[in-house]
Amino acid sequence: MSQLPDVKGHFGPYGGRYVPETLVKACEELTAAYRKIKRDKKFHEELRYYLESYAGRPTALYEAKNLSAKFGRGRIFLKREDLLHTGAHKINSTLAQGLLAKRLGKTRLVAETGAGQHGVATATAACVFGLKCVVYMGAVDIERQALNVYKMKLLGAEVRPVHSGSKTLKDATNEAIRDWVTNVEDTHYLLGSVVGPHPYPEMVREFQSVIGKETRRQIVKQAGRLPNYLIACVGGGSNSMGFFHPFLKDRSVRIVGIEAAGEGVSTPHHAASITKGRPGILHGMKSYLLQDKNGQVLLAHSISAGLDYPSVGPEHAYLKDSGRVSYYAVTDGDALKGFEVLTKLEGIMPALEPSHALGYLPKLMPKTKKNDIVIVCISGRGDKDIHTVQQYL
Amino acid sequence: MKNLLSEKIKQAKRQKRKLFCVFLTLGYPSIAATERLILSSAAAGVDILELGFPFSDPLADGPTIQFSSQQALKKNVSIKDAFDVVTRLRKKGCKLPIVFFGYINPVFSYGTKAFARDARSAGLDGLIIPDLPPEEETEFQSECRKQKLHFVQLVAPTTADPRAKMLVGKSQGFVYYVSLRGVTGTRKALPADLKAHLLKLKRMTTKPVLAGFGISTPEQARDISRMADGVIVGSAVIEHLKRGVSAAERFIQKMSQAVHGV
């Protein structure tokens, strides 16, 4: 399973590289550079330095005893990506891609952002590595994530509002790709998730797999064995893919991905592309896609801007079909409950994205046994969402 | 059924005629207007028509075609509408070669095999899928070959030479040269390296090389027709179309004269 994708970036029938010809060269160059650094000790030493000394890795694996006690069944652990510099797992990949962009001789980064976490993490990497930075963000998201917009500006990035389509992450991605097509010679497109054309799904997974690798070491040290369950939220799917991947071969570990059900998967207002979508092609990849009968992409909806995306990484699509990972959808309301419970019981305010994973615990925990170990990936912290939460709770 | 695009290209070669290709968004401002514009394009001496199929996420397109696509999508334009328009035009005796231009997802959603078959039987002569390189959906591409639906490949300024050779080799009908780094849309000036790229491509193939992206004035069309075998104009047509069908018709006529006057 770790051999996927194939050389052309296919995960079974998914993935690939569906890009305009202008971008083929950039994708090929990036693939070649990525292959090279994969075996380059110096690159990894440098990256490790930044991840440890700058971003704050390794992140803690915390046994949430109060939360576990609430359910009275298995033991719940939290992988604390929320403790990272800039507040989410996104920095793992932006530091790595920033270093890679420098190696490619690029002077400018463009990125799309939904919740703004990836935008902030990209602007931060641009600061550290002395690169120019332009972040595309849907006008709707700019409104609901004002704090992150201001942070990006303070960091010296230019935030360009996107008014086309649904004015959210999907359209910000279109606009970032259009910028990349125009400025491809000096610009690296710093994609934030395990989506897009090859090599992004593989590359971002590898840069994020530090989450799963650490978790594996930590749980073996703390509990003396592998977990029974892993749970993470899935929008594009970068925190979950990085968290899951090092465990895929451990058949005893049950892996669960949680999509955003928005107002419910039986309504049109959700972002559950795996649960409700069918295979399609968007943003350079084939994967599950929310689309109408004519193949037009539907608008996604989620209370959390970071999950508000109508497709999902192609490897998730593959893992869904193969049955290795189970995917469920959690509503806005249940995510808010997840937020509230973790805040009250553990003093940890999670972002609304991982709150979806927490929102699944009331379904999962009653099925667990006393000694079962459940690890939830807390991909980011909730500061950016306090304003949203305030409107509901 | 004869492939009108092949016929047209043979004829243009014999007559040393430059090819003028017009892009329209199906359903903008209405399906009836698109039909009327195709007929008047044929009368104005347009050589090839690119029938643009609207997509919700046209990532190779600039603001103009994004706009026309969004407007057309409000009318729920479907692939079947595209085929119906072409069927009707062919029944009316329209001999203008028509090439389908659209993103891969609506085609994939329709079913690639069925698409190739139905497109050809409707009377389409070729297709251009800007987000489908020859490495993907290879079965679809060979199905198109089987149906004699010409698969036009795009070459970009960033395309390396060995790949350009591969693409012009695979391209059927003509070769679409993307004249600039960026998305579709009108530009004041075209890149300085355009001529060198066109000459290089023309040395690689005997197929006509048409330049598109950014061409918006009769002067630009004339200049580029001197270097290329023809030009493709899209966003500039749509810009005129915003002011009305007759404004677009007058513009198409002017552009056609500019190209064919060379």
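**Notes on the A–B model**

1. Let's start with one residue: A:R57 has a relative accessibility of 6%, so it counts as buried (buried is under 20% relative accessible area, exposed is over 50%, and partly exposed is in between, using a 1.4 Å probe and protein chains only). A:R57 forms a salt bridge with A:E81, at 2.7 Å from N to O (a salt bridge is a side-chain nitrogen of Lys or Arg within 4 Å of a carboxyl oxygen of Asp or Glu). The two partners come from distant parts of the chain, 24 residues apart: A:R57 is in the loop between helix 2 (41-55) and strand 3 (61-63) of chain A, and A:E81 is in the loop between strand 4 (75-80) and helix 4 (90-103). A:E81 is buried too, because its relative accessible area is 0%.

2. A word on the ground rules. This is a predicted model, where local features need pLDDT of at least 70 and side-chain atom pairs count only at pLDDT 80 or more, while totals for chains, interfaces and linings use all residues. Residues are numbered from 1 along each chain as its sequence is written, chains are lettered from A and ligands numbered from 1 in the order in which they are written, and side-chain values use heavy atoms, with hydrogens and water left out.

3. Now chain A as a whole. You'll find 17 helices and 14 strands in chain A (DSSP runs numbered from the N terminus, with helices being H or I of at least four residues and strands E of at least two). Its C-alpha trace spans about 55 × 45 × 40 Å along the principal axes.

4. How do chains A and B meet? The contact takes 38 residues from chain A and 37 residues from chain B (contact means heavy atoms within 4.5 Å). About 2,900 Å² is buried between the chains, with carbon and sulfur atoms giving 49% of that (buried area is the accessible area, with a 1.4 Å probe, that two parts lose on being put together, summed over both).

5. Next, the salt bridges across that interface: the rule finds 5 of them. One of the pairs between the chains is B:E137 with A:K286, at 2.7 Å from N to O. Another pair is A:E21 with B:R163, at 2.9 Å. This pair runs from helix 1 (residues 21-38) of chain A to helix 8 of chain B, and both A:E21 and B:R163 are buried.

6. Elsewhere, salt bridges that share partners join A:K25, A:E29, A:K106, A:E185, B:R181 and B:D193 into one network.

7. Finally, the overall tally: the structure holds 45 salt bridges over all chains. As background, side chains of opposite charge can pair when their charged atoms come close.
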